[in-house]
Amino acid sequence: MARAELDKQPTDVRRMFDAVARRYDVTNDVLSLGQDRRWRKAVIAAVDPQPGERVLDLAAGTGTSSQPFADRGATVVPCDFSLGMLQVGKAARPHLPFTAGDGTRLPFADDTFDAVTISFGLRNIVDPVAGLAELQRVTRPGGRLVVCEFSHPTWTPFRTVYLEYLMKALPAISRAVSSSPDAYVYLAESIRAWPDQEGLAVLVAEAGWRRPEWQNLSGGIVALHRATN
């Protein structure tokens, strides 16, 4: 069973993502009903990369989230701690500088990047505040952070329906499309246990970032958190 538990031991999480790497992008597209494409566009708009800027895309997986930064003329570094994800990504996008790295011990010098972003990966870091602090360390003064992460739907009746989908339908659907469906049981559980929008903003500030704010997407299923170094 290739799944992690909610204590998020790094070895277990890494092994889990190695197992789902082959069909990860296809599975995400199906499970999100295609919304993941819209969310990626929102991340690009929030980061607003400029030609020549250096952007860190942490938890980049296969680089699907990284390519749009390169298309805008930025120098993007896709970073992930799953070697399976990096291998799949490098085969598909050999021009991107995929880099192996742990979110709590990034292999970059201080003040390296103009912007840092992490999409659907912060909740998988064993210590999210430590991960946010590492992102702050490698960002230049005045640089920016964008976190795209699952959150809490803002309309209470819909929240109930959403949680039912997470805990029942999502694992069932993943069995039909994923290379390792057991991993999606963990993913559903980790989404349900994750802080709400305000709670994540508190963690962002605790890590040293300034002026955290958020924007809800898809009724709060996902939230974009932004802050400045």
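These are my notebook entries on what I looked up in this predicted model.

**Ground rules.** I number residues from 1 along each chain as its sequence is written, and I leave out hydrogens and water, since side-chain values use heavy atoms. Because the model is predicted, local features need pLDDT of at least 70 and side-chain atom pairs count only at pLDDT 80 or more, while totals for chains, interfaces and linings use all residues.

**Overall make-up.** I found 9 helices and 7 strands in the protein, taking helices (H or I, at least four residues) and strands (E, at least two) as DSSP runs numbered from the N terminus. Of the 229 residues, 52% count as buried, where buried means under 20% relative accessible area, exposed means over 50%, and partly exposed lies in between (1.4 Å probe, protein chains only). I also looked up contacts, meaning heavy atoms within 4.5 Å: among those between residues at least 6 apart in sequence, 66% join residues at least 24 apart.

**The sheet.** I read the strand order as S3-S2-S1-S4-S5-S7-S6, an open sheet of 7 strands with mixed pairing; two strands pair if DSSP finds at least two bridges between them. Strand S3 (99-100) and strand S6 (210-217) each have a single partner strand and stand at the edges, so one side of each is left without a neighbour in the sheet.

**Around S1.** Next I turned to strand S1 (54-58), where 4 of the 5 residues are buried. S1 pairs with strand S2 (residues 75-80) in the parallel sense over 5 bridges, and in this pairing leucine 56 stands opposite valine 77 in S2. S1 also pairs in the parallel sense with S4, over 4 bridges, with aspartate 57 opposite threonine 117 in S4.

**S4, S5 and the helix across them.** I noted that strand S4 (residues 113-119) and strand S5 (residues 139-150) are paired in the parallel sense over 6 bridges, and that isoleucine 118 stands opposite valine 147 in S5. Helix H6 (residues 128-137) lies across S1, S4 and S5, running at about 145 degrees to S5; axes are lines fitted to C-alpha atoms, for helices over the stretch in contact, and angles run from 0 to 180 degrees between N-to-C directions.

Tryptophan 39 is buried at 4% relative accessible area, and phenylalanine 120 counts as buried at 18%. The rings of tryptophan 39 and phenylalanine 150 have centres 5.9 Å apart and planes at 85 degrees, so this pair is edge-to-face; phenylalanine 150 lies in strand S5, 111 residues apart from tryptophan 39.

**Serine 218.** Finally, I looked up serine 218, found in the loop between S6 and strand S7 (222-228) and buried with a relative accessible area of 18%. The side chains of serine 218 and tryptophan 39 are joined by a polar contact of 2.9 Å, a polar contact being a pair of N or O atoms within 3.5 Å; within protein, one must be able to donate a hydrogen and the other to accept it, and residues adjacent in sequence count only if both atoms are side-chain atoms. Not counting residues up to four places away in sequence, serine 218 touches Gln35, Arg38, Trp39 and Phe158.

How values were computed: Phe/Tyr/Trp six-rings, centres within 6.5 Å; stacked < 30°, edge-to-face > 60°.
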